[in-house]
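Subject: Structure for you to look at

Hello,

Here is the structure for you to open. Please keep it on screen while you read the notes below.

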Amino acid sequence: MKKPISTPCPCGRGVSYEQCCGPLHQGQPAVDAEALMRSRYSAYVLGNAAYLRSSWHPDTRPADLSLQEPAGQRTQWLGLSIQQHRLTGQDTAEVVFVARYRIGGGSAVRMQENSRFVRIGEHWYYLDAL
């Protein structure tokens, strides 16, 4: 029997989606805030709004999150680069990252963000951006 072809993970870690962000999208807890950040980037690439909402801290989670885009305005994600990951407390962390994307046929955009994360139990959650 042939082994299925592995799809590279959108987060850019260099392993297959099935070995990287896929298990997190299925409910496995992230080992750290960086892994959660990567899985959230992959969720944006894959249009997985349900995962984005579930991995967002309840105090800052938007009431509604739609990833539907107007015709001709589709976001094409071009890559993720983690600049820094640091623990700021026993259950808090920050991740500085750069995400590149293009909307429609426009020029590539470079977005840098310093995101804060909180761990509750065994799960990390995105809190907000500084």
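Predicted model: local features only at pLDDT ≥ 70, side-chain atom pairs only at ≥ 80, totals over all residues.

Residues are numbered from 1 along each chain as its sequence is written, and side-chain values use heavy atoms, with hydrogens and water left out.

A nonpolar core is a set of buried Ala, Val, Leu, Ile, Met, Phe, Trp, Tyr and Cys residues joined through side-chain atoms within 4.5 Å. Buried means under 20% relative accessible area, exposed over 50%, and partly exposed in between (1.4 Å probe, protein chains only). The largest such core has 26 residues, and L80 and F117 touch the most other members.

Five aromatic pairs are present. Rings of Phe, Tyr and Trp (its six-membered ring) pair if their centres lie within 6.5 Å; planes under 30 degrees apart count as stacked, over 60 as edge-to-face and the rest as tilted. Y41 and W77 pair edge-to-face, with 5.6 Å between centres and 80° between planes. Y41 is buried at 4% relative accessibility, while W77 is partly exposed at 24%. W77 also pairs with Y101: the centres are 5.3 Å apart and the planes are at 50°, so this pair is tilted. Y101 is buried, at 17% relative accessibility. Y41, Y44, W77 and Y101 make up one aromatic cluster.

Regards
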